[in-house]
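I opened my notebook to look through a protein one feature at a time. Here is what I wanted to see before starting.

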Amino acid sequence: MIGVLGFLLLMLGPAANVSLGDAAFLQIDYATAIAAYEEQLPPFPNDAELLWRLARVYVCTGEVKENGEGEPYFKKAEQFARHCIRVDSTKVEGHTWLAATLGYLALHAGVKEQVRFTGEMHEEIKRSLALDPNNDAACSMLGSMYRALGNVSWVQRQLAAIFVGSIPQGGFEEGETALKKAIALAPDVMRHHYELGVLYLDCGKKEEGRAALVRAATLPIRVAIDRPRFEKIKALLEMLNDSQ
């Protein structure tokens, strides 16, 4: 017996529990959000709206885990994102959250796997932006990827090409462009300003980095990772002040 509430939710379709899950997600109550979304999976296993939301919440849960404990969450996120894309290849959020989880999986992978994950992440970001050029999350991830590539030397690129495969082209300049676009699209998202600040520090532009980090520190906590990100911002600003 599913009960009256269960029957009503089934009749209403996945939208009912999507709303419950979304409300919990905004409160950074990821366990409740997961439960609300997954409750609708048995009757609606191929609903793209449920699938990309599950990918998102599993990424956001995993990225605040420590000591490698986030990997199972990222693998779940990857499964849901790939399923979403199989169901609806035009669902921009499916590509966006697949890119996000591939980025995290790359962090703890071997060199050859890192190259593969990075290449696929780049392709998924490009697909996201082809479907929605104003996708600030995809722009921000693209900027972060280019920032990382800016720290890869020419020699490292050549060795990667010989032994494990090619690395996408790009660096600090492309990263700055992508992150500035993300900020223009969503100026109140902490991540965008933080990543721009770190990019500036990486390429030796301390004052520009300081300005971006000061701005980031004023922005609200929207996802769980913003809490440790805020602490990193404070630490970087203290380091910059001490170095004056």
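Below are my notes, from the overall layout down to single pairs of residues.

**Ground rules**

I am working with a predicted model, where local features need pLDDT of at least 70 and side-chain atom pairs count only at pLDDT 80 or more, while totals for chains, interfaces and linings use all residues. I number residues from 1 along each chain as its sequence is written, and side-chain values use heavy atoms, with hydrogens and water left out.

**Overall layout**

I looked up the secondary structure and found 13 helices and 0 strands. Helices (H or I, at least four residues) and strands (E, at least two) are DSSP runs, numbered from the N terminus. Read along the sequence, the pattern is α-α-α-α-α-α-α-α-α-α-α-α-α.

Next I checked burial: of the 244 residues in the protein, 47% are buried. Buried means under 20% relative accessible area, exposed means over 50%, and partly exposed lies in between (1.4 Å probe, protein chains only).

The accessible surface comes to about 12,500 Å², and carbon and sulfur atoms hold 58% of it. Such areas come from the Shrake-Rupley method with a 1.4 Å probe, and for residues only the protein chains shown count as cover.

I also looked at contacts (heavy atoms within 4.5 Å). Among the contacts with a separation of 6 or more, 57% are between residues 24 or more positions apart.

**The cores**

I then went looking for nonpolar cores, meaning sets of buried Ala, Val, Leu, Ile, Met, Phe, Trp, Tyr and Cys residues joined through side-chain atoms within 4.5 Å. Which residues of the largest core touch the most other members? They are Phe25, Tyr30, Val57 and Ile125, in a core of 48 residues. Helices that each supply at least two residues of this core include H2 (15-26), H3 (30-39), H4 (48-62) and H7 (111-131). H4 gives the largest share, 10 residues.

**Met190**

I stayed with Met190, which sits in helix H11. Buried or exposed? Met190 is buried, at a relative accessible area of 1%. Not counting residues up to four places away in sequence, Met190 touches Ala216, Leu219, Pro220, Ile221, Asp226, Arg229, Phe230 and Ile233. I also noted Val223, which is 33 residues from Met190 in sequence and 9.6 Å away in space, C-alpha to C-alpha.

**Helix H12**

H12 covers residues 206-217, 12 residues in total, and reaches 16 Å from its first C-alpha to its last. That is close to the expected 16 Å at 1.5 Å a residue, where the expected span is 1.5 Å times one less than the number of residues.

Which residues of H12 are buried? I listed Gly209, Arg210, Ala212, Leu213 and Ala216. Seen down the axis of H12, the buried residues fall within an arc of 170°, so they line one face of the helix. The arc is that of the directions from the helix axis to the C-beta atoms. Helix H11 (190-202) and helix H13 (226-242) are among what covers those buried residues.

**Salt bridges**

How many salt bridges does a search of the whole structure find? I got 17, where a salt bridge is a side-chain nitrogen of Lys or Arg within 4 Å of a carboxyl oxygen of Asp or Glu.

- Arg147 and Asp202 meet at 3.0 Å, N to O. Arg147 lies in H8 and Asp202 in H11, so the pair ties together parts that are 55 residues apart in sequence. Arg147 counts as buried at 19% relative accessibility, whereas Asp202 is partly exposed at 32%.
- Asp188 pairs with Arg222, their closest N and O atoms being 2.6 Å apart. Asp188 is in the loop between H10 and H11 and Arg222 in the loop between H12 and H13, 34 residues apart. Asp188 is partly exposed at 32%, and Arg222 is partly exposed at 39%.
- Lys234 and Glu231 meet at 3.4 Å, N to O. Both are in helix H13, where being 3 residues apart separates them by about one helical turn.

My last entry is a network of salt bridges linking Asp22, Glu49, Arg53, Arg56 and Lys91.
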